[in-house]
Amino acid sequence: MDNKKPFAYDTSRAPISQRKQEVDQAEKGSIGITVTIDDIEIKVPKGTTILEAAKRVNIKIPTLCQHEDLCLAGVCRVCIVEVDKERTLQASCSYPISSPISVRTYSSRVRRARRNIIQLLLKNHYGECYSCARNNNCELQTLAKEYGVTSYTFGHIDKPRYEKDESSYSVIRDMDKCVLCRRCVRTCIDLQEVGVLEAAHRGAKTKIETYLDKPLIDVICINCGQCINRCPTGALKAKDPAEEVWRAIEDPDKHVIIQTAPSPRAAIGEEFGLPAGTSVTKKLNTAIKRVGFDKVFDTNFTADLTIMEEGTELLLRLKAALVDKDKSVKLPQITSCSPGWVKFIEHFYPDKLAHLSSAKSPQQMFGAVVKTWYAKRSNMDPKRIVSVSLMPCSAKKFECERPEMDDSGFKDVDYALTTRELAGMIKECGIDLPNLPDSDFDNPLGIGTGAGLVFGTTGGVMEAAIRTAYELVTGKEVPFDKLRIVPVRGTEGIRKAEIPIKEALTQWKFLEGATLKVMIGHGTANAKKIMDMLCAGQLDDYHFIEIMACPGGCLGGGGQPIPTSPEIREARARAIYAEDEGLAIRKSHENPIVKQIYKEFLTDGPCGHLSHKLLHTSYVKRGKWIGKKG
Amino acid sequence: MQTKREGLVIFSDIGNCAGLKKAANLSSSDILNEIRSSNLKGRGGAGFPTGLKWNFVVEDRSDIKYVVCNADEGEPGTFKDKVLLMEYPQLVFEGMIIAAFTSGAKEGFLYLRGEYKSFVPSLEKILKEMRKKRFLGKDILGKEGFHFDIEIKLGSGAYVCGEETGLIESLEGNRGEPRNKPPFPVNTGYNGCPTVLNNVETFAIIPHIIAKGADWFKGIGTEKSAGTKLISISGDCKRPGVYEVEFGTKIKDILKIAKAQDVKAVSAGASGECVPKAQFSRRLGFEDFSTGGSIIVFGKKRDMFEVTENALRFFEDESCGQCTPCREGIPVLLEGIELIKKGECPKDYLKDLLSLSETMQLTSKCGLGQSSPNLFVSVINNFKKEYTLSKIPKEEKAFNG
C-alpha cells in the first residue's frame, strides 16, 4: 500500500519517533484497521497516519511543516484534527493509526484552533506578500486565504527583527519570514546530512541558525538549495542575478548567450501551470530568444564533451591501474558535475579528492568553450560575450564564482540563472510559454545528444558514460534494448550495476572479460554512505561512481520550480527519458560538434593538453573548519 | 539536614529493603498484578495508571527495554522529589529495580535535574552499596539472569526536559524537545526501545505497595486517587515545606497544616489550576484538585495578574519553541496581560485571548504548552473583580496577503 518511505527515512540522524511508523511484520498480512474520517469509513494498514488516510478519501487536511520527503515534525499544528477518545486535538501528520478511531477534520473546534494557529504564524511573519519572491506560491499565504484571514487578530510585527544573510553566492536567508516549520532543518540534517541549519535558542527566541550564527558563506553549506525547495514561505531563496542579466541584454555592446541545461526544460512548464513532466525544450528556445538573448545553446553539448573527457579519464585510470600497475591511481573514479556534491566532498572527505574526476562540469566546460572556440569562430572579442546558464541548481551560482573557473582567460560563466529565475524573466515579458511556437537551438553549440540529455536525472551520467565507453572499448553498441540501461535508472538512493565487457578491441584488450562495476547515489546523505563504504575499503573493486547532490539528480535541483515531491521528480524523469528516445543521436561520441571540436580545436584529443587546460580543474581541501586558520 | 517526616505511605517505615526482598520471591506477572490492582497513578502530574503503563512495556516484544526515573523536578513551587532523593533515595532505586524485573529491562537511568548536581556523590554512594549487596548488577536478588544497573544522568536546566519525551530526547543527547505522541515511550522510548518512565515519587511508592499489599494501599485516599501525595507548600504561609497528605484532603485543611492565613487563592504550580478562596472545600485528588506536587499560597495582598504574568514569563523562557501555539501563543497572552493591567483590553479581545488559550490547551504538542495558559484562564474566570475591560473595540490591522 502507500506506506512509501520518505526520502529522508533511512538517514541515521532522525530520531526513531520522527520516522514513519513501521508496519510490524506480523501485522503485514492483516487486512488493516477500519477508521472513520468525517463519517467515511476506510480500511488502512496499521501505522498509516490520519493525514494519509484522509487523503485516500479525498479529504485534504491543511499542512505546513509536513513534507513528503522529510521525517515527521508535527510542530506547526495546522493539521490538527479531533480524534474520539483523545482529550486534545491531534496533529494528523504524525498520528499513526493503531486502533479503530473516529476522526473529525473540520469541526468547529478544529477550525477555530486552526484559524488561531494561522494567526499566530502570521504575527511574526514580517514583510509584504506582494514584494516577496514566493508571492502566489506561498503555503502560509494559501493557508491564510483558505481560512479567511482578513486581519491580524493577535497583532503583526511592523519592523524587521533580523538582518538578511546575503553572504552566500547561492542562498539568501531572510529569517523575518521564517515560520519555524523546520523543513530546512530536516532537509539539511536528515535529507542531505550536511547539518548546517539547526534550531537555536528556545521559546519565542527560537531561530534557525547556522553554527554560531555565522553567515552562510562561512559554514559548510554546499549550496544545494534543497532547503529553498522545501521552505513554505520566502524565508529562503536563491540569489537572483536577473537584474545583471537584463542589463547585459539591454547593452548593445554585449553578446549575451545562454546555455540551457536538460532538466529545466522538463520542469519550467510547471511555473506556467503545465503539469509536472511536460517537456517544453523548443518552446523554451523561442521564449529565450524573445526575452532578448542573442544565442540559445544546449548544455547537452558539453555534457557530451564531459562524457568524452571523463570517460577517457576513466579508461586511462583503468589502464594505469591494470596495465601499468600504477598504485597511485585512484579508483573508483567519482563524477564531478554536481557542484553541491563537489563542495560536499571538499568539506567532508577532503582526503578523497583524488577519486574525483578532474573534468569540469558541463556548465563550466561550456563557459570555457564559449569564450575560446566560439569567440574565435565568430570573430568576437571574448570580452563582449556575456555567458549565462540556465540551471536547475543553486550551487551552480557558487560554481561559476569559484576562482579557478577562469581558464578561458575570463570568468568562464558570468551568471547562472535557476529555472525559477528564468521563468520570472519570461513572465515579466508577458510571454505565454505554453503556447509558443517551437524553435531550435542556435549553431554551433546547439547540438546535444540524448546521452547529454539524461544527465538531468539520477543515473544519467552513468548511462551516458556506459553508452559511450562500452562502444569505445568493444566497438559494439551496449546490449540494452533501445539503449535503456535499466539497472542504473530508478529512484533508490543507492544503486549498483555490473556491465560485463566482451570482445574488447585490441587497444583495450586488458579489459577483456572484465566486469565494469558502477554505483549511483543521489542526495548527499547517500553520498555520505557511499563515501563511508569507500573509506572502509569496501568499494575497491568498483570502477565508476556517479553522485548527485540532490534527490532525483539535477531534476530535483535547488533551482527547480517549487514544490517538489517524489511524484513530481518521477514525472520530470519520465519526460527526460521520453525526450531522449525521440532523439536521433543518443550517444555522446556521435555528437557531430563534439567530433568537430576535437578536430578543429582540442586537436590533441580528450584529456589532451588543451583539454586539460580548458576542460579540467582542481579541487580545494576545505575540511569542516572555515575561517582564520592558526 | 535529615528531618523526621511523617506520613502514611512514603514517610512510613518500610524496613530493610522489605519491598525489594519480597519482590524477589514473586513472578513478574504477580508484581504487575499487584501494581495494577493498587490503582497507583503516576505522581508526576498527569496521573496515568502505573500498572497500565508497565503492562504496555511488559507486552512489547522488544529485547531491549529501559527504566528511567524522572528526577527533573522543575515545576515552580515543587521540591518534594528533592526530599525523596536526599532522604529516601534507596526507596526510589528499589522501585526502579522492581520495574526492571517486571518489564525485563537491563539498564536504568536516573535523569537528575541539573540543579541537583550536589546530590550525585551521595546517590552514587548508595548505588555502590546496593551493587555490593547485589541489589544491582548481575543475577540480582538471587534470580539467575536478572541483570540491571542504574546510571545517573544530569539534565542541564531545561524545564521542558521534565516532559517525558523531552527527557528522552535529552537523554539521547539531542535538543530537549518533546516528541510526537503516539508512539508513547512505553513502546518507543529511549533509543527507540520500550521504556518505563516514572516520577521519583511513583518509584518510591512501589516498594511500599509490594511490601504491604495493594489492598493496604487502596485503603488510603479516595476511590479514584489511591494513596497519599507528597506536596510542597510555598508562598504566603508560616510553615512552608514538604508534607505527605492523603488524597481527599480539603484544600483548607492543607492550608491549616502550613499555617496559612488570609489566603486569596492557591495554585498547583505555574501550570496547574488556580483555586480561589470560595472553592477551598475542594479535595486533593486526580478527580478534583490535581497537582504534581506544588501548592503555592497567595495571600490577600497578591495581585493575581502579577502572579499570572510571572508564570507566563517562566513559560516564555522555558518553551522549547518547536510548536506554534506554545511558542507564539505565550507572548500574545503576555501582551494581553499588559493590556488588562492597564485597563485597556477590549471585551472582544479578551474573548479572542480565551479562544487562543483554548487552542493552546488543545493543540500544543506537549504538556508544557497545553498547560501554560491554565493560570491565565483561571484568573480571568475566578477574579473578575480584579480587572476592568475597555469599551473601545480593538483595532485590527488588515492582512496584506
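Two strands are taken to pair if DSSP finds at least two bridges between them. On this basis, the predicted model contains an open sheet of 4 strands in chain A, arranged in the order β11-β10-β13-β14 with parallel pairing.

The pairing of strand β10 (residues 255–260) of chain A with β11(A) runs in the parallel sense over 4 bridges. Within this pairing, A:Thr260 has A:Asp298 of β11(A) as its bridge partner. Two helices of chain A also pack on the sheet. Helix α7 (residues 242–250) of chain A touches β10, β13 (385–391) and β14 of chain A, and the direction of α7 makes about 120 degrees with that of β14(A). Helix α14 (residues 419–428) of chain A touches β13 and β14 of chain A, and its direction makes about 85 degrees with that of β14(A).

At the level of domains, chain A is assigned domain 1 (16–106), domain 2 (119–238), domain 3 (255–301 + 363–435) and domain 4 (305–359 + 449–615). The C-alpha centres of domain 2 and domain 4 of chain A are separated by 36 Å. Contact between these two domains involves 14 residues of domain 2 of chain A and 17 residues of domain 4 of chain A. On the domain 2 side, the largest share, 3 residues, is contributed by helix α6 (residues 226–230) of chain A. This side of domain 2 of chain A comprises 7 nonpolar, 6 polar and 1 charged residues.

Chain B is assigned domain 1 (18–218), domain 2 (228–299) and domain 3 (304–386). Between domain 2 and domain 3 of chain B, the C-alpha centres lie 22 Å apart. Here 9 residues of domain 2 of chain B are in contact with 13 residues of domain 3 of chain B. The elements giving two or more residues to the domain 2 side are β7 (263–267) and β8 (274–276) of chain B. By class, that side holds 5 nonpolar, 3 polar and 1 charged residues.

A helix pair was also examined in chain B. Two packed helices are described by the angle between their axes and the distance between the axes. For helix α2 (residues 28–37) and helix α3 (residues 50–59) of chain B, the axes come within 8 Å and cross at roughly 150 degrees. Angles over 145 degrees count as roughly antiparallel, and α2(B) and α3(B) are therefore roughly antiparallel to each other. Their crossing is left-handed. In α2(B), the residues B:Ser28, B:Leu32, B:Ile35 and B:Arg36 meet B:Thr50, B:Gly51, B:Trp54, B:Asn55 and B:Val58 of α3(B). By class, the residues of this contact divide into 4 nonpolar, 4 polar and 1 charged.

The two chains also touch each other, with 43 residues from chain A and 39 residues from chain B taking part in the contact. On the chain A side, the elements that give two or more residues are α3 (108–123) and α4 (139–146) of chain A. The largest share of this side, 7 residues, comes from α3(A). The residues of the chain A side divide into 21 nonpolar, 16 polar and 6 charged.

Methods: Residues are numbered from 1 along each chain as its sequence is written. Chains are lettered from A and ligands numbered from 1 in the order in which they are written. This is a predicted model: local features need pLDDT of at least 70, side-chain atom pairs count only at pLDDT 80 or more; totals for chains, interfaces and linings use all residues. Domain bounds come from an automatic or database domain assignment. Two residues are in contact if their C-beta atoms, placed from the backbone, lie within 7 Å. Ala, Val, Leu, Ile, Met, Phe, Trp, Tyr, Cys and Pro count as nonpolar, Asp, Glu, Lys and Arg as charged, and the others, Gly among them, as polar. Axes are lines fitted to C-alpha atoms, for helices over the stretch in contact, and angles run from 0 to 180 degrees between N-to-C directions. Angles under 35 degrees count as roughly parallel, over 145 as roughly antiparallel, 65 to 115 as roughly perpendicular and the rest as oblique. A crossing is left-handed if the near helix is turned anticlockwise from the far one by less than a right angle, and right-handed if clockwise.
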